[in-house]
Amino acid sequence: MVSVRVAEFPRDHESVSALLASYLRATETEKAEHGLVAAEAPLPERYGREIADPATALAGRRILIASLDGEDCGVVVVGRSADTAEISRFWTSPDARGRGVGTALLERALSHAGRPVRLSV
């Protein structure tokens, strides 16, 4: 069963940090595959800050965590500016894909985002 909750810190620090790290490393791997960064390049410093201290780096945004059968396996970040909402850092662990986790995250994110919404992935 999939459940989605708003991250609470410090309780969810470890889960959010691990999920963001997986997402950001996958993003950098894809960039390397397209020749946009060196394959062995370290993560950009700003990504390191998100992983080390997501509560501070993403302050003012809503971080949602998805769990499948009690195991945290997905994350999405929802921010808001004066005229639009932004959904970013949308990630589901590969072993949880195809099981409704992404759908649950996106539905929950959209239910609180307002309109219009910009997807940044």
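In this predicted model, G35 is placed in the loop that runs between helix α1 (13–33) and helix α2 (45–52). With a relative accessible area of 61%, G35 is exposed, and its C-alpha lies 28 Å from that of P54, a residue 19 positions away in sequence.

A search of the whole structure returns eight salt bridges. One of these joins the side chains of R89 and E50, whose closest N and O atoms are 2.7 Å apart; because R89 belongs to strand β4 and E50 to helix α2, this pair ties together parts separated by 39 residues in sequence. Both R89 and E50 are buried. A further salt bridge is found between D69 and R99, with an N to O distance of 3.7 Å. Here D69 occupies the loop between β2 (62–68) and β3 (71–80), while R99 sits in the loop between β4 and α4 (101–113), so the pair links parts that are 30 residues apart in sequence. D69 is exposed, at 55% relative accessible area, whereas R99 counts as partly exposed, at 47%.

Salt bridges also connect R5, R11, D12 and D72 in a network. Within this group, the side chains of D12 and R5 meet at 2.8 Å, N to O; D12 is buried, with a relative accessible area of 3%, and R5 is partly exposed, at 24%.

Strand β4, which spans residues 85–92, also contains T92. This threonine is buried, its relative accessible area being 10%, and, when residues up to four places away in sequence are not counted, T92 touches C73, G74, R97, V101, G102 and L105.

Methods:
Residues are numbered from 1 along each chain as its sequence is written. This is a predicted model: local features need pLDDT of at least 70, side-chain atom pairs count only at pLDDT 80 or more; totals for chains, interfaces and linings use all residues. Side-chain values use heavy atoms; hydrogens and water are left out. Helices (H or I, at least four residues) and strands (E, at least two) are DSSP runs, numbered from the N terminus. Buried means under 20% relative accessible area, exposed over 50%, partly exposed in between (1.4 Å probe, protein chains only). Contact means heavy atoms within 4.5 Å. A salt bridge is a side-chain nitrogen of Lys or Arg within 4 Å of a carboxyl oxygen of Asp or Glu.
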